[in-house]
Amino acid sequence: MEKFTTVCQYIDTSFRENLTLEQAAEIAGFSKYHFSRLFKEFTGITFQEYLTRQRIRHAEELLTDSKISITDIALASGFSSVSNFNRSFQMYNHCSPSQFRKKLMHV
């Protein structure tokens, strides 16, 4: 359990970087296949889902500032492209980043 708490803390502070399953598995001291299975048992979601959720949470915070462009938010949150960001954001929030920002501005 301690190893996975350490890995989750690492992800929580390093999600902006290009993190890989292999890196996380190495931190925990497991093969990537064993790590994947144990990580899902520990968190209830896959490594990639956990990483994406951390990135989306950060993006949601940045979207409260209307001066920051969607592109800059995507890159500052660790996404490799705006299209990847938009697709992931839509999947988790059921709206686009622009729609999410508009909702925030009307609250």
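Colleague: How many disulfides does the structure hold, and what makes a pair of cysteines count as one?

Modeller: The structure, a predicted model, holds zero disulfides. A pair counts when its sulfur atoms lie within 2.5 Å, and the count here is zero.

Colleague: Why is Cys-8 called buried?

Modeller: Cys-8 has a relative accessible area of 8%. Buried means under 20%, so Cys-8 is buried. The residue belongs to α1.

Colleague: What makes Cys-95 count as buried?

Modeller: The relative accessibility of Cys-95 is 3%. That value is under 20%, and therefore Cys-95 counts as buried.

Colleague: Which other residues of α1 are buried, and why are they said to be on the same side?

Modeller: Along with Cys-8, the buried residues in α1 are Phe-4, Val-7, Ile-11 and Ser-14. They cover an arc of only 145° around the axis, so they sit on the same side of α1. An α-helix has 3.6 residues a turn, so residues three or four places apart point the same way. On the other side of α1, Glu-2 and Thr-13 are exposed.

Colleague: What covers the buried residues of α1?

Modeller: The cover includes α2 (21-28), α3 (32-43) and α4 (47-62).

Colleague: How do you know that the span of α1 is close to the expected one?

Modeller: Helix α1 covers residues 2-14, which is 13 residues. From first C-alpha to last it reaches 18 Å, and 18 Å is expected at 1.5 Å a residue. For α4, with 16 residues, the reach is 23 Å, close to an expected 22 Å.

Colleague: Why is α1 called roughly perpendicular to α3?

Modeller: The axes of α1 and α3 come within 11 Å and cross at roughly 85°. Angles from 65 to 115 degrees count as roughly perpendicular, so α1 is roughly perpendicular to α3.

Colleague: Which residues meet between α1 and α3?

Modeller: From α1 come Phe-4, Thr-5, Val-7, Cys-8 and Ile-11. These meet Phe-35, Leu-38, Phe-39, Phe-42 and Thr-43 in α3.

Colleague: What makes Lys-40 partly exposed?

Modeller: Lys-40, found in helix α3, has a relative accessible area of 43%. Leaving aside neighbours within four places in sequence, Lys-40 is in contact with Ile-45 and Thr-46. From Lys-40 to His-106 is 37 Å in space, C-alpha to C-alpha, and 66 residues in sequence.

Colleague: Why is Gln-54 called buried?

Modeller: Gln-54, in helix α4, has a relative accessible area of 12%. The cut-off for buried is under 20%, so Gln-54 is buried. Apart from neighbours within four places in sequence, Gln-54 is in contact with Ile-11, Asp-12 and Phe-15.

Colleague: Which other residues of α4 are buried, and what do the buried residues pack against?

Modeller: Besides Gln-54, the buried residues of α4 are Phe-47, Tyr-50, Leu-51, Thr-52, Arg-55, Ile-56, His-58 and Ala-59. The buried residues of α4 pack against α1, α2, α3, α5 (70-76) and α6 (82-93).

Colleague: How many helices and strands does the protein chain come to?

Modeller: The secondary structure comes to seven helices and zero strands. Of the 107 residues in the protein chain, 35% are buried. The C-alpha atoms fill a box of roughly 45 × 20 × 20 Å along the principal axes. Among contacts between residues at least 6 apart in sequence, 55% join residues at least 24 apart.

Definitions and conventions:
Residues are numbered from 1 along each chain as its sequence is written. This is a predicted model: local features need pLDDT of at least 70, side-chain atom pairs count only at pLDDT 80 or more; totals for chains, interfaces and linings use all residues. Side-chain values use heavy atoms; hydrogens and water are left out. Helices (H or I, at least four residues) and strands (E, at least two) are DSSP runs, numbered from the N terminus. The expected span of a helix is 1.5 Å times one less than its number of residues. Buried means under 20% relative accessible area, exposed over 50%, partly exposed in between (1.4 Å probe, protein chains only). The arc is that of the directions from the helix axis to the C-beta atoms. Contact means heavy atoms within 4.5 Å. Axes are lines fitted to C-alpha atoms, for helices over the stretch in contact, and angles run from 0 to 180 degrees between N-to-C directions. Angles under 35 degrees count as roughly parallel, over 145 as roughly antiparallel, 65 to 115 as roughly perpendicular and the rest as oblique.
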